[in-house]
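Have the viewer open as you read.

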Amino acid sequence: MARAITSQRKALNTALAWGVGLLIFFPILWTILTSFKTEAQAISDPPVFLFFDWTLENYSVVQERSNYGRFLWNSIIIAGGSTILGIIIAVPAAWSMAFVPSKRTKDILLWMLSTKMLPAVGVLYPIYLLFIKLGLLDTKIGLVIVLMLINLPIIVWMLYTYFKEIPGEILEAARMDGATLREEVLYILTPMAIPGIASTLLLNVILAWNEAFWTLNLTAAKAAPLTAFIASYSSPEGLFYAKLSAASTMAIAPILILGWFSQKQLVSGLTFGAVK
Amino acid sequence: MFAKYALGAATAISLIAAGSASAETITIATVNNGDMIRMQGLTDDFTAKTGHDVEWVTLEENVLRQRVTTDITTKGGQFDIMTIGMYETPIWGKNGWLVPLDDLPAEYDADDILPAMRGGLSVDGTLYAAPFYGESSMIMYRTDLMEKAGLEMPDAPTWEFVAEAARAMTDKDNGIYGICLRGKAGWGENMAFLTATANAFGARWFDENWQAQFDQPEWKETLEFYVNLMNDAGPPGASNNGFNENLSLFQQGKCGMWIDATVAASFVTNPNDSTVADKVGFALAPDTGKGKRGNWLWAWALGIPAGTQKTDAAKEFIQWATSKEYIELVAAKEGWANVPPGARTSLYEDPNYKDVPFARMTLESILSADPTNPTVDPVPYVGIQFAAIPEFAGIAGQVGQEFAAALAGQQSVDEALAKAQALTTDEMEAAGY
């Protein structure tokens with residue numbers, strides 16, 4: 001009897017999870033479907049769901065008109081670079097906060113997070129002027145630095161919570177055995193926190209990949225990533241939804257595939273230590 | 001010996017100078033409209049003629065505006081040419097943000113630019129951006145549905161006739177709506193249409209002392225007329241419809257009439273996209289007998305931001321893209337219906353262009369628009385579907401929300417006007433008017 005209730009509840013939970021999952025995925029699915037429609041079908045009322053003449057025309061137009069490879073390459077460098085740089089800076093910071101906390105550690109953590117509460121446009125002009133002075137406008141390195149700084153509080157916070165789960169005694173034992181600080185962080189802490197670091201890495205790649213304020217405002221022709229590629233397909237005078245959807249699908253495809261293959265790591269990292 | 005060195009050095013310097021002048025790469029910010037896409041495709045012709053390369057940055061219209069404003073105010077120098085409209089050009093020109101285009105060579109024939117366009121893109125007689133293509137607004141209507149309703153569209157109809165025809169053409173059971181008008185909130189969406197229409201009803205945004213006028217009877221008449229007409233003869237969900245949505249409805253044969261940008265004429269008569277391509281007639285935007293028609297004036301123009309290092313190359317590009325030769329180039333490659341319209345007088349004198357069905361009405365619409373004298377009563381601002389002051393975009397964006405809510409039936413016309421009056425008064429006071 002008890003078994004029956006459990007399996008019934010299980011089925012209910014599964015159905016609920018699928019429902020929520022589909023709801024969240026629906027806009028992406030709709031974008032992908034729209035990318036195969038003609039412009040007239042894309043905007044037709046009532047909307048058509050599956051029964052339309054599927055066409056690849058939008059993809060061929062987008063391929064012809066834009067240099068997708070260049071935008072993709074810029075996105076990879078900017079998202080990857082900013083995440084790796086962020087991790088390199090955040091690992092020592094999170095180590096010190098987790099294992100040698102001071103009176104102010106909690107305050108610093110909160111203060112770091114508070115920088116995320118400032119609307120980005122509030123610092124657009126100061127950063128723009130700095131970028132002009134430093135010659136960083138429309139460069140990949142400039143965006144790597146800005147996106148790293150923006151995501152750094154999240155990276156530190158995530159790593160801090162993962163490191164907290166690791167017993168300090170293990171590090172202590174390593175120290176007793178004569179490990180230097182560098183060895184301790186590199187050979188003891190980091191391998192133990194790999195799932196946590198991996199999920200931090202993935203989440204921040206996704207955040208940096210999708211970032212659309214700074215990447216649009218600090219680039220022109222050379223360093224523009226896929227967000228600018230998408231923005232170029234909106235039109236004030238002329239139908240554009242199908243081509244925009246094709247461009248969007250091409251822009252999210254790499255990250256969608258990356259997320260698909262790494263979802264096991266992502267989930268295990270996000271729930272790391274939760275069931276202990 | 002010294003002379004020889006000096007000569008050598010001078011030659012070297014002049015060679016470097018010549019080298020840098022002949023091989024610039026200019027960056028152009030633009031929007032994704034059909035004529036601009038065509039221009040991008042023809043860039044090779046410019047490069048072949050001048051040696052300059054071009055990098056395109058295409059952005060969404062509002063992103064573009066914000067992006068180039070940031071760059072221009074900080075003198076960032078990221079763009080050598082920007083695509084801007086008739087709203088920004090006089091404001092930016094006055095601020096000294098744009099390079100004056102008053103030294104274009106004689107063969108460019110700047111006098112050939114349509115006077116209305118030239119006036120709207122100039123400050124005190126100095127041109128600050130060259131029109132790439134221009135537009136007014138006009139009525140596009142279905143000749144077959146008009147005939148079926150037993151009516152005949154005059155060249156210059158009144159709003160009374162348009163409303164009567166719209167109601168007569170409406171056949172909701174078959175998904176035919178007599179009139180499709182903009183309803184989507186935005187200063188460049190519903191407010192462009194409603195501001196222009198209000199002019200025909202004798203309304204105005206501000207009086208001579210910059211006092212908001214939404215509490216005046218003319219505005220009430222305009223908005224009530226519009227809401228009632230759309231309720232009776234407009235498509236469902238009209239408060240979400242902007243230019244593109246109405247274009248799609250018209251192309252699918254669901255609209256009897258559509259009053260919008262003249263540039264849409266080439267879309268609705270293109271048999272590849274439009275199911276009603278051979279059944280479209282054109283007429284001037286309607287009036288109410290008060291002497292003003294609700295037809296606007298707009299230009300997508302090319303301007304050079306002050307602060308660019310490549311002014312000469314940028315000017316060469318503007319001369320190329322807005323020249324008579326460019327029009328001929330497009331005509332040769334893509335046909336006369338696809339040339340950028342509404343910028344040059346000579347285009348409308350060209351016998352080849354006279355066969356294009358919408359050419360005459362486009363020209364008449366543009367010629368009858370007068371941005372310096374847009375309303376029945378005098379106003380302190382320039383502009384037909386906007387007031388060319390920096391505050392307008394922000395205020396009209398909010399007023400547009402109120403008017404869209406009135407169209408959607410979420411509030412009454414009186415409520416919408418009262419809110420519009422209050423918020424406009426507040427914003428203008430805060431801005432120091």
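## Ground rules and domains

Domain bounds here come from an automatic or database domain assignment. For chain B, that assignment gives domain 1 (2–134 + 298–354) and domain 2 (136–296 + 381–430). This is a predicted model, where local features need pLDDT of at least 70, side-chain atom pairs count only at pLDDT 80 or more, and totals for chains, interfaces and linings use all residues. Residues are numbered from 1 along each chain as its sequence is written, while chains are lettered from A and ligands numbered from 1 in the order in which they are written.

Taken over C-alpha atoms, the centres of domain 1 and domain 2 of chain B are 32 Å apart. Nine residues of domain 1 of chain B touch nine residues of domain 2 of chain B, with contact meaning C-beta atoms, placed from the backbone, within 7 Å. On the domain 1 side, seven of these residues are nonpolar, two are polar and none is charged. For those classes, Ala, Val, Leu, Ile, Met, Phe, Trp, Tyr, Cys and Pro count as nonpolar, Asp, Glu, Lys and Arg as charged, and the others, Gly among them, as polar.

## Chain A overall

Chain A has 14 helices and zero strands; helices (H or I, at least four residues) and strands (E, at least two) are DSSP runs, numbered from the N terminus. Along its principal axes, the C-alpha trace of chain A spans about 75 × 70 × 30 Å.

Of the 276 residues in chain A, 35% are buried. Buried means 20 or more other C-beta atoms within 10 Å of the residue's own, exposed means 12 or fewer, and partly exposed is in between, with C-beta atoms placed from the backbone. Take the chain A contacts between residues at least 6 apart in sequence: 80% of them join residues at least 24 apart.

## Where the chains meet

The contact between the chains draws on 24 residues from chain A and 28 from chain B. On the chain A side, α6 (124–134) and α11 (214–217) are the elements that give two or more residues, and α6(A) gives the most, with five. By class, that side has 16 nonpolar, six polar and two charged residues.

## The nonpolar core

The largest nonpolar core has 195 residues; such a core is a set of buried Ala, Val, Leu, Ile, Met, Phe, Trp, Tyr and Cys residues joined through C-beta atoms within 7 Å. Helix α7 (residues 140–164) of chain A supplies the largest share, 14 residues. Domain 1 and domain 2 of chain B both contribute to this core, so it lies between them.

Ala94(A) is among the residues with the most contacts inside the core. Leaving aside neighbours within four places in sequence, Ala94(A) touches Val156(A), Leu159(A), Tyr160(A) and Phe163(A).

## A helix crossing

In chain A, the axes of α3 (residues 57–65) and α13 (residues 241–261) come within 9 Å and cross at roughly 75 degrees. Axes are lines fitted to C-alpha atoms, for helices over the stretch in contact, and angles run from 0 to 180 degrees between N-to-C directions. That makes α3(A) roughly perpendicular to α13(A) (65 to 115 degrees; under 35 is roughly parallel, over 145 roughly antiparallel, the rest oblique).

From α3(A), Asn58(A), Tyr59(A), Val61(A) and Val62(A) meet Ala242(A), Lys243(A), Ala246(A), Ala247(A) and Met250(A) in α13(A). This contact has seven nonpolar residues, one polar and one charged.

Terms used. Two residues are in contact if their C-beta atoms, placed from the backbone, lie within 7 Å.
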